[in-house]
Amino acid sequence: MKVNYFQLVPYRAFPADFEQNHGAAVTTPYDLADPSEIRASYADALGQFMHAARAGFDGLAVTEHGQSAYDMVPNPSLICAALAHATEAEGLSPAIFPLGRSLGKSREPLRVAEEMAMIDCISGGRLIAGFPVGLAYDSSMNNGVPPAQVRARFDENLELILRAWSEPGIFPWNGRFSQHATVNIWPRPLQTPPPVWITGIGNPNTMRFVLERAFGFNYFSWFGTKVTGHRIFDRFYEIADQLGKTPNPYQMGFMQTIAVAETDEKAERLFADHAEYFFRKALGAIPMNQLALPGGIDIRGLEFIMRDPKDFGIYEKMRTISFTELVESGALICGSPATVRDRLKQTLGELRIGNLHAMLQFGSMPRELAEANIDLFATEVIPTLKTLWADEHDHHWWPQSLGGSPRVDSAPQLKEAV
Amino acid sequence: MFFPDHVRTETVSVWNGKIDIVFRVAGDGPTLVYLHPAAGLMWTPFLDALARHHTVVAPHFPGTAPDDPHAIHRIDELGDLVLIYEEALRAMNCHDAAVIGESFGGMLASELAATFPDLFSQVALLAPVGLWREDLPVANWIAAAKEEMPAMLFADPSGPAAQAMFTPPDDPEMAVKGMAGLVWSIGCTGKFLWPIPEKGLAKRLHRVTAPVLIIWGAEDRLIPAAYAEIFANHLAKAQVVIVPNAGHVLPAEAGEAVLGHLTGFLAPPEHARGAA
């Protein structure tokens, strides 16, 4: 089992009634922001990532959200470049995992290829590259890409990036969305190539694509692990079966919000308010018409979701959700080390997951509490999890300089738009 | 997607065999092309009324006809779209016909008339999109929440026209199909409108030589009625009609009034001369 530290960079000082008056992205009024708190958010987030690296986490995972108050990270490459250097300087070697560089919105795919290559070079080959298609509000509302074009742009951008990393010589690129007479990026990554992960929310087409290309598959459990976990992963394994593939647990990544203290009672007392802050004022405050835009999901997918909206789990009640409901749905695992160990072992075992992205800072949680959460999780929970899947499978989706096995074949191929 | 029995279906293959355009056709008389709004083609009493004196020829926007939703992914740009429509209309012998374009269909009719000035004999635009002024923002219906739509589209958001559009059918599967079709249609047309529904039409409108009738609902909250005069100012031969107590969906909320104005405008030139 690989255990990565994951967090967003949230604005932590909104008033209690924020979500009744505002959305968390695109239109959040900036006059609510206190510049000193904004500055502290970055100092604390970078500090917490480094704290986790020192505590022995296997990797540091960073996502991307533009024009967003709940995650002020419009480009994870910036955070990851800082972490790549800071960990090198301290002699630490976590994987550096920008898991959210959305390619459906990118109008500069070569810049993405170059940034990722830089991070790989700065970190000495510790990059893991995560390329989601992208959230509707970010790709289309923030970046102006027509929703019906997002997927095709993702497909093309990914092919260009993989080729720019791996082709030894110069080549021209005549794409539908970008044209480059001379592709010859400096630097190329140290890894040949870095492992690639795709984040999905349940779309079968994305799962099929991930399996056919042998990429890693990430799923974020914000909609409630108990409600959506089996739906999503069972669907993935069913598609794998149809394709005659047997994914090993190391191909699967899973983000889980976690809070741990000495006892269950203390954990609830310390973390309940911060968890409610996060779910109500972040995802709960993003209206559905920003998460899904016409044209982004094809008509068959729309019919599927409208007949059976359960992939969205607890989303509908998130704006007013309580701590108890968060725990019951599995969106939050909170309690003593024993409670958290049991719940995680059960979830990761049942869903056959080999990479946990542990979200240990969320919402309004201050730095000292986040670091206490990181410390207790590192000392009391991680050692138990490490034995899961140990020595049973090769990890082809991890940097070889950190013990990963060679990549399985995922030769790029140009695809028709889907 | 329901079409009554008296409406025929004809399909033409265009764009070097890559795109099939599906037409719905009904009525007798001179050909009248109808280009539907972003919500898709629905056969309404308004079209039946037009079909009493015309042969109404109404193409489905690529991707919104029942059998090939992915056709939309084979059209990259607005320029290609205009050529595809022109090819399809010629294949249907619609050249030199009159055209009615509603909302998004109005932009498409304007683009066609500007690119091919001889294509249409007359151009009627019902609250078309296509122009933009920062002090008169066009509402973003593509990203709007479902509950915002009635007030955006209708002068009377709780009136019978709004009720008819937003009351789902009793059969749950019909409701799913209808809603998915509507959302997908908005997404397909939105490919050529996002994120601001202005793609250079103002530069091209002066090329339109056909007479143009612009009809707008006085209470249009999707595209302010002030755009009627802005359109007219770009055109050589345009007349403007503002319909009181009507919002954006003119045929549903002010069908009789709109038909009245269209009837006079669409009368054949010799008939118009005789009447004068």
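Where in chain A is A:Pro193 found? In this predicted model, A:Pro193 is found in the loop between S6 and S7 of chain A. A:Pro187 lies in the loop between strand S6 (179–183) and strand S7 (196–199) of chain A. For reference, most peptide bonds are trans, and most residues other than glycine have a negative phi. A:Gln67 is not a glycine, yet has a positive phi of about 45°. This residue is placed in the loop between strand S2 (59–62) and H3 of chain A.

Helix packing within chain A was examined next. Two packed helices are described by the angle between their axes and the distance between the axes. For helix H8 (residues 225–242) and helix H13 (residues 337–351) of chain A, the axes come within 10 Å and cross at roughly 25°. Because angles under 35 degrees count as roughly parallel, H8(A) is described as roughly parallel to H13(A). On the side of H8(A), the contact is made by A:Thr225, A:Lys226, A:Gly229, A:His230, A:Phe233 and A:Tyr237. H13(A) contributes A:Arg343, A:Thr347, A:Glu350 and A:Leu351. Sorted by class, the residues of this contact are three nonpolar, four polar and three charged.

Charged pairs were then considered. Side chains of opposite charge can pair when their charged atoms come close. Over all chains, a search of the whole structure finds 33 salt bridges. One of them is formed by the side chains of A:Arg54 and A:Glu90, at 2.9 Å from N to O. A:Arg54 lies in helix H2 (residues 35–54) of chain A and A:Glu90 in helix H3 (residues 76–90) of chain A, so the pair ties together parts that are 36 residues apart in sequence.

The interface between the two chains takes 24 residues from chain B and 22 residues from chain A. Chain B and chain A bury about 2,000 Å² between them, and 66% of this area is on carbon and sulfur atoms. Of the area that chain B buries against chain A, 30% is supplied by B:His73, B:Trp184 and B:Trp194, more than by any other three residues. Three salt bridges are found across the interface of chain B and chain A. The side chains of A:Glu303 and B:Lys177 meet in a salt bridge at 3.8 Å, N to O. Between chain B and chain A, seven residue pairs are in polar contact, counting pairs with both residues at pLDDT 80 or more. The side of chain B that touches chain A has 14 nonpolar, five polar and five charged residues.

Definitions and conventions
Residues numbered from 1 in each chain as written. Chains lettered and ligands numbered in written order. Predicted model: local features only at pLDDT ≥ 70, side-chain atom pairs only at ≥ 80, totals over all residues. Heavy atoms only, no water. Axes fitted to C-alpha atoms, helices over the stretch in contact; angles between N-to-C directions. Helix = DSSP H or I, 4+ residues; strand = E, 2+ residues; numbered from the N terminus. Parallel < 35°, antiparallel > 145°, perpendicular 65-115°, else oblique. Contact = heavy atoms within 4.5 Å. Nonpolar A, V, L, I, M, F, W, Y, C, P; charged D, E, K, R; others polar. Buried area = accessible area lost by both parts, 1.4 Å probe. Salt bridge = Lys/Arg side-chain N within 4 Å of Asp/Glu carboxyl O. Polar contact = N/O pair within 3.5 Å; in protein donor to acceptor, adjacent residues only side chain to side chain.
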